[in-house]
Amino acid sequence: MASTQDLLKQAADLTSSNPKRAEELYKQILNSTASTSKGSAINADKEQSLRDQELALIKLAELYRDQKDASGLAQVITLSRSFMSSTAKAKTAKLIRTLLNYFNSIPDSRQTQIDVLTDNIEWSKREKRIFLKHSLEIRLVSLQLEALQYKLALTRIDALLTELKRLDDKMILTEVHLLESRVYRGIGNLSKSKAALTSARTAANSIYCPPHLQAALDLQSGVLHAEDKDYTTAYSYFYETFENMSSQDDPAALNALKYMLLCKVMLNMPEDVTSLLSIKLAVKYAQLREIESMRAIALAHQNRNLSDFEKALRDYKHELSSDPTIRSHLAALYDTLLQQNLLRIVEPYSVVEIDYVAKQVGQGRQDVEAKLSQMILDKVFHGVLDQGRGCLIVFDELEADNTYGAAIGTLEQVSKVVDSLYAKTVKIA
């Protein structure tokens, strides 16, 4: 009978040519090593058996990952429990994190991950593996946040916070408060989102905060300032995040750079986008589609060209609509660009037909008329809509005439003089 090492080598050789046979061999190794480890009386043999079992588990998981088989990977995680019951808790946590990370390469596996995590959280609770349970719950909340399951996420967060405050684990407490802030921001409750972020920063200040966690806190701070239209402060937070993540080669640095570009556009400084992309840290991202999409938006904004803006939205639909932070600001940006485009068209005229303006911006007459009316009321420009003739009459901006103000001031002073003279005549009389 072939030894376990021989079976492992044979399975590894068959992984690419005959994955089905490799799968059978790995399962055979797991079954044989599981029975050996249970009955083995010699420590050396038992340790070797556990090492073989761990390697077979990882190799089988990699096989399912390469085949994009989420259900198979879920079964491997369930199979690993017998192995995890025989090993140290720290090693268990590392193994299950490794196995769960393989889901990231499998598309449309989010629900399977949620089911696997829920199942393993219950197992950890039964086995009294508290820290593993907390780690899995944090991962579950992150997935629920991605799946927009805000109510379930908040329920899980409330239970987690109660346990963590009792244990006084500041590191995990910081992560959970950060997740809480992101969930509240997702449901639109910005006041609670800010309160949760403040709690996260308070917890982080009492410990050594790892760079990746500090970057996540800064990123969330920038997002919340952007929601408040404070794009200058948001930009500074995003820049700190970008520098921090770039130094660690973190892929999330790309998001921070996109948000920096968004802030420049929202601050009406789209011309700064090109210079920003020429800095040393940003050069390697400059040719990616995500950055190209923001460059197209900035160029359309700079030229005040609504058709170019709409074309960018169509051409880079996935890049611009998949990110909720960027998507939430596109409506305001579109409105600003429409206003600037209308100004560009009506500026040369004293009288212009509304139909012509609508044709130039490629919008319906009714929408253009409503927007022009709003701009006049907001005093963006001076004019009046002549609906009878179907045209817009634009006035030159009038200089402030202080004559009436000065006349009123003079009359007020005369009134005071008259009152003073009347008071004196009363005394004389």
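1. Strands S2 and S3 (residues 391-394) pair in the antiparallel sense over four bridges. Strands here are DSSP runs of E with at least two residues, helices are runs of H or I with at least four, and both are numbered from the N terminus; two strands count as paired if DSSP finds at least two bridges between them. The model is predicted: local features need pLDDT of at least 70, side-chain atom pairs count only at pLDDT 80 or more, and totals for chains, interfaces and linings use all residues. Residues are numbered from 1 along each chain as its sequence is written, and side-chain values use heavy atoms, with hydrogens and water left out.

2. Within this pairing, Val 384 has Ile 393 in S3 as its bridge partner, and Asp 386 has Cys 391. Four residues lie between the strands of the S2 and S3 hairpin, where Gly 390 takes a positive phi near 70 degrees.

3. S3 also pairs with S1, again in the antiparallel sense, over three bridges. Val 352 stands opposite Leu 392 in S3. The three strands form an open sheet in the order S1-S3-S2. Its edge strands are S1 (351-353) and S2 (383-386), each pairing on one side only. On average, neighbouring strands are turned by 20 degrees against each other, direction ignored.

4. Helix H19 (residues 354-361) packs on the sheet and touches S1, S2 and S3, with its direction at about 65 degrees to that of S1. Contact means heavy atoms within 4.5 Å. Axes are lines fitted to C-alpha atoms, for helices over the stretch in contact, and angles run from 0 to 180 degrees between N-to-C directions. Helix H20 (residues 365-377) lies across S2 and S3 and runs at about 150 degrees to S2.

5. Helix H15 (residues 289-302) includes the buried residues Ile 291, Met 294 and Ile 297; buried means under 20% relative accessible area with a 1.4 Å probe, protein chains only. The buried residues of H15 pack against H13 (253-266), H14 (272-276), H16 (306-315), H17 (317-321) and H18 (324-346). Arg 304, which follows H15, has a positive phi near 50 degrees.

6. The largest nonpolar core has 57 residues, and Phe 238, Leu 257 and Leu 392 are among those with the most contacts inside it. Such a core is a set of buried Ala, Val, Leu, Ile, Met, Phe, Trp, Tyr and Cys residues joined through side-chain atoms within 4.5 Å. H13 gives the most to this core, with 11 residues.

Methods: Buried < 20%, exposed > 50% of the residue type's maximum accessible area, 1.4 Å probe, protein only.
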